[in-house]
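Here is a short walk through one chain, written for reading alongside its structure. Please keep the model open while you read.

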Amino acid sequence: RKKNTAQRPRQVGICLKHLPDDTSMRFHHDNVPWQRVINAKGVISPRSQPSGPRNQAAELQAEGVIVTTGALGELMVDFGAFGWFPRALPSDEDDGDENGDEESGDDGDEGSGGDDGMSGT
């Protein structure tokens, strides 16, 4: 089930980048918590717009998340305090995988090892 997962974090970023502003759409910029997507290292990923990481940090701070600045100026979130690591994803539970073990394990890509892994969503 984990074939071709290397590009999934990038796909998430692209989808979030293109969320519509139109609130009549089912999913849009105001109802998808885009600010909670942090890379697997706990760093807010840089974007083409320099203000992007600062805007994301401000959104997270408004939710009570502590954002720190690393030695190289990168904005970071402590996953030990603010990470989300569920035993099973809601989508897995819907498929009948109630123990969440089907995709367990760290393959170095999703969750804790990928470049743009999701946390806090």
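The lining of the second largest pocket divides into 9 nonpolar, 9 polar and 5 charged residues. Here Ala, Val, Leu, Ile, Met, Phe, Trp, Tyr, Cys and Pro count as nonpolar, Asp, Glu, Lys and Arg as charged, and the others, Gly among them, as polar. In this predicted model, local features need pLDDT of at least 70, side-chain atom pairs count only at pLDDT 80 or more, and totals for chains, interfaces and linings use all residues. Residues are numbered from 1 along each chain as its sequence is written, and side-chain values use heavy atoms, with hydrogens and water left out.

A pocket is an open set of points on a 1 Å grid over the protein atoms alone, with protein on both sides within 12 Å along at least five of seven lines; a lining residue has an atom within 4 Å of a point. The volume is the space filled by probe spheres (1.4 Å probe) set on the points, which are joined across faces, edges and corners.

| Second largest pocket | Value |
|---|---|
| Volume | about 840 Å³ |
| Lining | 23 residues |
| Share from α1 | 7 residues |

G13, L16, K17, P46 and R47 lie nearest the centre of this pocket.

Leaving aside neighbours within four places in sequence, H28 is in contact (heavy atoms within 4.5 Å) with L19, P20, D22 and T23.

Now for the whole chain. The chain has 4 helices and 2 strands, running α-α-β-β-α-α from the N terminus; these are DSSP runs, helices being H or I with at least four residues and strands E with at least two. Buried residues make up 28% of its 121 residues.

How far can you trust it? The mean pLDDT, the predictor's confidence from 0 to 100, is 75, and 71% of residues reach 70 or more. Over residues 97-121 pLDDT stays under 50.

How values were computed
Buried < 20%, exposed > 50% of the residue type's maximum accessible area, 1.4 Å probe, protein only.
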